[in-house]
Amino acid sequence: MKKKIALIFGITGQDGSYLTEFLLSKNYFVYGVKRRTSLIHTTRIDHIYQDRHSKPNLILKYGDVTDFSNVFKIINDTKPNEIYNLAAQSNVGVSFELAEYTAQTDSIGTLRILEALRILDKKKKIKFYQASTSEIFGNSPDKPYNEKSRFAPVSPYGTAKLYSYWITKNYREAYSMYAANGILFNHESPRRGENFISRKTIIALVKILKGKQKTLYLGNLHSKRDWGHAKEFVEAQWKILQQKKADDFVIATGKNYSVKDLVNLVLKKLNIKFLWKKDKKGLEYAVALSNVEKIKKSQVIVKQDQSYFRPNEVHDLVGDYSKAKKKLGWKPNINFDQLITEMIQSEIKNY
Ligand code: NAP
Ligand code: G4F
């Protein structure tokens with residue numbers, strides 16, 4: 001039987017690597033788009049990459065969603081059955097610094113792929129997946145968020161991703177294209193980018209335990225997120241494209257925790273005894289209550305730092321995945337505690 005061909009924009013990222021593993025296990029031929037960088041950073045997929053001259057089932061191509069002619073040529077050359085657009089400047093905090101670039105990548109990048117598809121795929125056979133996000137709900141009052149909830153993004157990232165959500169839906173309706181949005185809530189893993197809260201916290205606290213760092217500096221401790229495991233969430237991405245009719249789905253766990261809950265859990269799992277206090281400015285900090293490994297009693301191990309607060313914040317995200325459960329047969333199986341435990345174990349092993 002002829003292999004299905006998948007094309008992944010954003011293959012070098014967290015989700016790109018898990019999705020590639022998943023699609024290869026389903027006997028797909030995978031093309032992935034990687035950016036030209038001064039140092040090669042394909043570390044998340046090196047373990048699955050095979051030499052293209054032997055028996056390849058994974059081929060990488062240089063590309064960038066900010067370059068229309070490149071996007072057009074890649075789609076034309078690879079002739080995929082399915083396209084997964086995971087490419088994005090995906091850091092919400094950074095999007096306040098790089099607002100225009102975030103729009104170029106996270107909004108117009110999607111439009112470029114859709115336009116290339118509209119021009120090239122006359123028979124409307126290629127299926128398109130857009131990596132949408134819970135950030136499009138922002139601080140909307142309709143919690144827990146589902147496919148019918150109102151949108152109220154509060155960052156350049158959330159706003160750019162909302163454009164992509166709508167343009168994907170618009171192309172589906174206007175041109176009868178198979179174009180679907182997966183509205184995914186936060187998902188983490190040992191491969192998570194190092195400047196997202198879960199990975200940043202775990203890396204720093206392991207280093208602090210080993211005496212390689214003194215203090216972990218963080219911003220808002222009171223926002224809440226619905227955190228799942230990336231490995232399970234990429235399976236939902238694939239399931240979304242296996243539906244007869246293109247549709248949009250919320251993918252979440254339905255449970256949420258605060259950033260402080262996350263920090264407390266990591267401290268507890270590393271056997272660090274601690275107490276939270278407040279300084280004169282109201283900034284919170286945690287001190288060690290006893291010596292453990294290289295940590296000394298009274299050492300400030302975690303502290304809030306004004307520079308990590310965002311100009312605007314999404315306070316409380318929690319998703320309702322009942323449509324995905326009913327129509328895709330998808331549900332999360334890895335809970336928050338198991339996710340964090342796996343990430344800590346992996347960090348200690350790396351260390
Ligand atoms: P990630 O680790 O940051 O990966 C993003 C990928 O996009 C990387 O491969 C990156 O390449 C690539 N990329 C960035 N700018 C690009 C450009 N201009 N052209 C081509 N590729 C570009 O993100 P992730 O966590 O895997 O998330 C995957 C997607 O889901 C993203 O679109 C993200 O916004 C969205 N999402 C993520 C979550 C989550 O909690 N993880 C939740 C909802 C939605 P480099 O490796 O070269 O940087
Ligand atoms: O881990 P975060 O950076 O993730 P955030 O902003 O929720 O965005 C992630 O999830 C979205 C889905 O909802 C994705 F679309 C997006 O691509 C990304 O994957 O921050 C989580 C929370 C925020 O409230 C932030 O203000 O942690 C808070 N936080 C506190 N101190 C911090 C820090 N976040 C980071 N990254 N670094 C800090 O020092």
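1. Contact here means heavy atoms within 4.5 Å. By that criterion, Gln 14, Asp 15, Tyr 18, Leu 19, Phe 22 and Leu 23 of H1 meet Ala 230, Lys 231, Val 234, Glu 235, Gln 237 and Trp 238 of H7. The contact of H1 with H7 comprises seven nonpolar, two polar and three charged residues (Ala, Val, Leu, Ile, Met, Phe, Trp, Tyr, Cys and Pro count as nonpolar, Asp, Glu, Lys and Arg as charged, and the others, Gly among them, as polar).

2. This is a predicted model, in which local features need pLDDT of at least 70 and side-chain atom pairs count only at pLDDT 80 or more, while totals for chains, interfaces and linings use all residues. Residues are numbered from 1 along each chain as written, chains are lettered from A and ligands numbered from 1 in the order written, and side-chain values use heavy atoms, without hydrogens and water.

3. Helix H6 (residues 197-209) packs against helix H10 (residues 336-350) at about 45°, the axes being 10 Å apart. That makes H6 oblique to H10 (angles under 35 degrees count as roughly parallel, over 145 as roughly antiparallel, 65 to 115 as roughly perpendicular and the rest as oblique). Among the H6 residues in this contact are Ile 202, Ile 203 and Val 206.

4. Around ligand 2 there are 22 residues (each with a heavy atom within 4 Å of it). Thr 133, Ser 134, Asn 186, Ser 223 and Glu 313 come nearest. In the side chain of Ser 134, an N or O atom is 2.6 Å from an oxygen atom of ligand 2. For Arg 225, a polar side-chain atom lies 2.7 Å from a ligand 2 oxygen atom.

Terms used
Axes are lines fitted to C-alpha atoms, for helices over the stretch in contact, and angles run from 0 to 180 degrees between N-to-C directions. Helices (H or I, at least four residues) and strands (E, at least two) are DSSP runs, numbered from the N terminus. A polar contact is a pair of N or O atoms within 3.5 Å; within protein, one must be able to donate a hydrogen and the other to accept it, and residues adjacent in sequence count only if both atoms are side-chain atoms.
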